[in-house]
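I opened a new notebook page for this structure.

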Amino acid sequence: MSIEKAKNYLKQFGADSRVLEFDVSSATVELAAQAVGCEPARIAKTLSFRTNDGVILIVAAGDAKVDNPKYKARFGCKAKMLAFEEVEPEIGHAVGGVCPFGVNKNVTVFLDESLRRFETVFPACGSSNSAIELSIPELEKFSGYKAWVDVCKGWRE
């Protein structure tokens with residue numbers, strides 16, 4: 001089960017006991033914000049894409065949307081999200097629970113600048129009813145991210 005994979009991964013940081021599990025779905029930004037009790041922008045959504053170099057994850061604020069020209073300038077290709085049926089085999093987590101913790105090898109994680117305005121954010125933890133509250137430095141450490149990117153729009157307004 002994907003949540004166990006995420007928890008086992010987070011154990012190395014002593015954070016597995018901080019994973020929140022809900023009796024309700026947290027599969028979308030809005031549902032996660034309701035479950036956690038925060039504004040939707042603080043939900044750290046994890047989006048999966050295929051690039052010329054392989055599969056990547058971009059963790060972005062809940063109110064941010066991918067800006068195609070910025071994405072293409074950064075990654076050298078058009079933004080192409082993985083199809084629903086590709087997500088779990090490629091990433092290691094199913095849609096609704098995709099997170100940057102315990103992902104398959106060869107998946108590269110990027111963090112979007114839209115997250116930096118918050119002290120803490122809530123990414124999912126491998127299931128459609130889980131999350132964890134992390135500071136930005138913890139998100140950096142736990143995600144094993146490659147780089148910060150600026151590929152989103154709609155959050156600065």
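**Entry 1: the second largest pocket.** I note before anything else that this model is predicted. I began with the elements around the second largest pocket. β3 (54-61), α3 (68-75) and β5 (108-112) each supply at least two residues of its lining. Which element gives the most to this lining? It is β3, with three residues. I then read off the lining residues: T51, D53, G54, V55, I56, R74, F75, N106, T108, F110 and K146. Sorted by class, they come to four nonpolar, four polar and three charged residues. The second largest pocket holds about 170 Å³ of space.

**Entry 2: the largest pocket.** Next I looked up the largest pocket, with a volume of about 370 Å³. Its lining counts 25 residues. Which of them lie nearest the centre? I found A27, K45, T46, G96 and V98 there. Five elements came up as suppliers of at least two lining residues each: α2 (29-36), β2 (43-51), α4 (84-91), β6 (120-123) and β7 (130-131). β2 gives the most, with six residues. By class, I wrote down 17 nonpolar, seven polar and one charged residues for the lining of the largest pocket.

**Entry 3: the nonpolar cores.** I turned to the largest nonpolar core, which has 47 residues. Which members touch the most other members? They are F75, F101 and L115. At least two residues of this core come from each of α1 (2-11), β2, β3, α3, α4, β5, α5 (136-143) and β9 (147-149). The largest share is that of β3, with seven residues. A second core is separate and has six residues, including A32, A33, C38 and F122.

Leaving out neighbours within four places in sequence, I listed the contacts of F75 as T51, I56, I58, F110, V149 and V151.

**Entry 4: the whole chain.** I counted five helices and ten strands in the chain. Buried residues make up 50% of the 157. I also checked contacts with a separation of 6 or more: 65% of them join residues 24 or more positions apart.

**Entry 5: two single residues.** I picked S48, which sits in strand β2. Buried or exposed? S48 has 5% relative accessibility, so it counts as buried, the cut-off being under 20%. Not counting residues up to four places away in sequence, S48 touches I56, L57, K80, M81, L82, V87 and I91.

Then I took K65, in strand β4 (residues 65-66). Its relative accessibility is 56%, so K65 counts as exposed, the cut-off being over 50%. Where does K65 make contact beyond four places in sequence? I found V151, C152 and K153. I also looked up the pair K65 and G154. The two are 89 residues apart in sequence, yet 6.1 Å apart in space, C-alpha to C-alpha.

Key. Residues numbered from 1 in each chain as written. Predicted model: local features only at pLDDT ≥ 70, side-chain atom pairs only at ≥ 80, totals over all residues. Heavy atoms only, no water. 1 Å grid on protein atoms, 1.4 Å probe; cavity = no way out; pocket = protein on both sides within 12 Å on 5 of 7 lines; lining within 4 Å. Points joined across faces, edges and corners; volume = space filled by probe spheres on them. Helix = DSSP H or I, 4+ residues; strand = E, 2+ residues; numbered from the N terminus. Nonpolar A, V, L, I, M, F, W, Y, C, P; charged D, E, K, R; others polar. Core = buried A, V, L, I, M, F, W, Y, C linked by side-chain atoms within 4.5 Å. Buried < 20%, exposed > 50% of the residue type's maximum accessible area, 1.4 Å probe, protein only. Contact = heavy atoms within 4.5 Å.
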